[in-house]
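The following briefing is intended for reading alongside the sequence and the coordinates.

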Amino acid sequence: MEPFVTLTAPAVPLDIANIDTDQLLPARFLKKPRSAGYGNFLFHDERKPGFPLDDPAYAGARILVSDRNFGCGSSREGAVYALVDGGFRCVVAPSFGDIFAANAAKNGLLTVTLPEETVALLRRQLQATPGTAVTVDLPAQSLTGPDGRVLSFAIDPFKKDCLVEGLDDVALTLRQQGAIDAFDREDVVRRPWVVPAEV
Amino acid sequence: MTAQPRSLFEKVWDAHVVATRPDGQALLAIDRHFLHEGSFHAFGMIDHAGRKVRRPELTFAVADHYVPSHSRSRPIADPEIANMVTMLEANAGRHGLRHFGLHDPAQGIVHVLAPEQGLTLPGLTIVCGDSHTSTHGAFGALAFGIGATEVSHVLATQTLWQRRPKTMRITVDGVLGPHVTAKDLILAVIAAIGADGAAGHVIEYAGSAIRALSMEGRLTVCNMSIEAGARAGMIAPDDTTFSWIEGRPFAPKGDLFGRAVEHWRTLPSDPDAVFDREVTLDAADIAPAVTWGTSPETAVPVTAVVPDPASEADPVRAGQMRKMLDYMGLTPGVALEEVTIDRVFIGSCTNARLEDLRAAAAVLRGRRAAVPGLVVPGSVPVRMLAEAEGLHRVFIDAGLEWGEPGCSMCVGINGDLVPAGERCASTTNRNFPGRQGPNARTHLMSPAMAAAAAATGKLTDVRKLGVS
């Protein structure tokens, strides 16, 4: 996974609440192999005239600023692949679908949660001055908006470490091998019905 | 000294913590891992890293998302779709996993099949690369959807790193009115708290209206927890749960079943358990519901009118309402019961169990559908039981198609699509733009309400059709 440390890039505002993963990646593209590249599928059916991602004023955007409940719905990790392959490294919103946010972190896509009014102000600023760069500093947990104001955000420390270091968490888990083996040995005594009989 | 009172969720969580990190992350042991055709990314990841499946005996593969709803005697015509079904079989075979394939007598939607086969049990941790894994919480299991990278992690380690979610109890007391179902109840909950109302929380559903639900109804409620943004939804196991499980193929048998029940009886929340958030609803206030927009949170009683963005003070919100109404082709102020539909779909992991098909058939018995429609049972066993009762004849005589089990038109990736611009009365869980096909318009509702809409060709209050 590509580590995420700092990023300075244009940001594109998207005034839509409840952007679901079906919109991010329509289901018919789910059968495509990862090697196909998912960037062309991003928001495939939303690409109508006036869609901000196609506005030349926001060309080169690597940060998406949206509304509440971004990435709700299906657990498809392909929604994250579509954003990452489409050039995005960061999404800012008042709230995220839990599964989307977990998938994002596994693929080096940072999700920044800020209060609803703050995000709404950011979107208005980006609409007023399209193409302005925004800076995200993950170790400092700060985002510098188009007006130069520095905003702090909270993030799960584990998620932050994994993103900053680009960690593969299976490798991390395998360090707990002894604890997993011990759990399994004790659990089969405690709850012998858990492993189903052969049918 | 007495022990700290704990909730159902806390008891299940605590029993599965293998290790904790100083930052609060817990490594959770996973008891059941279900896979469907979409798992090919995850198999690719473990194969690439040269890792094996750690616990094949706890891992089950089910073909449901891409399987055809029409005849299964011929090969699948679309090579890309056929490849998804055969790839799952190949991956399951290579790793020695039990595979419920296209021609298996137990085949069905994973969230219908697993409870039916006795794979879903109280107190288990259950994951699947599908957001509707929350369904299994109906048994008092902690069950949630995960993405492909997490699927690969569970395949390799049978564990998952998680931060302990917050807890929310939703209490629904009272008695649901005639023709008001579990689907109407959960739509009312989502409308009340919003599509992100339970983000970061595990919901426990409680109260007399929940206790009175059948297992089928409880599965419907927990299924749509994700549509309120919840990590999971749970219902305390009780005698309804235990008698449903007993005798199912993979369920514990004999003395082991008795020991399991004894343990399961300790799982319900302690009387003084504390939740981070409490929400209460009165069952008597819940009406047969339909959605008008492109989020499940737009559920309203079918007797309502299409809302007017002009009455919304926030200009961004008003703009979002206009966008939804434009997509749905609806005019503010029009009575929902005046809205004509083009087709119906009765099926999905939300509403394709025997009880659902009985409710829809009760409305359609002796009636002709005014629009075309598709009825897809949740599993082969559901299909057989429905046919034994003659339910398929009711649907066929009404002019609807009777399909083979799978996800079908809920997600549309097996080729079952609502044509662009058409309006579908659907028993599914998502009315997102494009969910049932590009530019398809979805109204979510219960099986009885979808059957009523089929009978009249309009969104219809099923209570007005005189069905006993």
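**Asp416(B) and its surroundings**

The side chains of Asp416(B) and Ser408(B) are joined by a polar contact of 2.7 Å (a pair of N or O atoms within 3.5 Å; within protein, one must be able to donate a hydrogen and the other to accept it, and residues adjacent in sequence count only if both atoms are side-chain atoms). The model is predicted: local features need pLDDT of at least 70, side-chain atom pairs count only at pLDDT 80 or more, and totals for chains, interfaces and linings use all residues. Residues are numbered from 1 along each chain as its sequence is written, chains are lettered from A and ligands numbered from 1 in the order in which they are written, and side-chain values use heavy atoms, with hydrogens and water left out.

- A polar contact of 2.3 Å links the side chain of Asp416(B) to that of Ser69(B).
- Asp416(B) lies in the loop between β17 (401-402) and β18 (423-426) of chain B; helices (H or I, at least four residues) and strands (E, at least two) are DSSP runs, numbered from the N terminus.
- Asp416(B) is buried and has no salt bridge, and the nearest side chain of opposite charge, Arg72(B), is 8.3 Å away.
- Buried means under 20% relative accessible area, exposed over 50%, and partly exposed in between (1.4 Å probe, protein chains only).
- A salt bridge is a side-chain nitrogen of Lys or Arg within 4 Å of a carboxyl oxygen of Asp or Glu; for charge, Lys and Arg count as positive and Asp and Glu as negative, while His and the chain ends are not counted.
- Apart from neighbours within four places in sequence, Asp416(B) is in contact with Ser69(B), His70(B), Leu374(B), Ser408(B) and Met409(B), where contact means heavy atoms within 4.5 Å.

**Residues with positive phi in chain B**

- His179(B), a residue other than glycine, has a positive phi near 65°.
- His179(B) sits in the loop between β9 (166-173) and α6 (182-193) of chain B, and is partly exposed, with a relative accessible area of 23%.
- Asn439(B), also a residue other than glycine, has a positive phi near 60°.
- Asn439(B) is placed in the loop between β18 and β19 (441-444) of chain B, and is partly exposed at a relative accessible area of 40%.

**Strand pairing in chain B**

- Within chain B, β3 (residues 32-35) and β4 (residues 59-62) pair in the parallel sense over 3 bridges, and Leu35(B) stands opposite Ala61(B) in β4(B).

**Chain A**

- Chain A has 7 helices and 7 strands, and its elements run β-α-β-α-β-α-β-α-β-β-β-α-α-α from the N terminus on.
- The C-alpha trace of chain A spans about 65 × 40 × 30 Å along its principal axes.
- Of the 199 residues of chain A, 55% count as buried.
- Among contacts in chain A between residues at least 6 apart in sequence, 67% join residues at least 24 apart.
- Strands β1 (residues 6-13) and β5 (residues 133-137) of chain A pair in the antiparallel sense over 5 bridges, with Leu7(A) opposite Val136(A) in β5(A).
- β1(A) also runs parallel to β2 (residues 63-65) of chain A, joined by 3 bridges; Pro13(A) has Val65(A) in β2(A) as its bridge partner.

Notes:
Two strands pair if DSSP finds at least two bridges between them.
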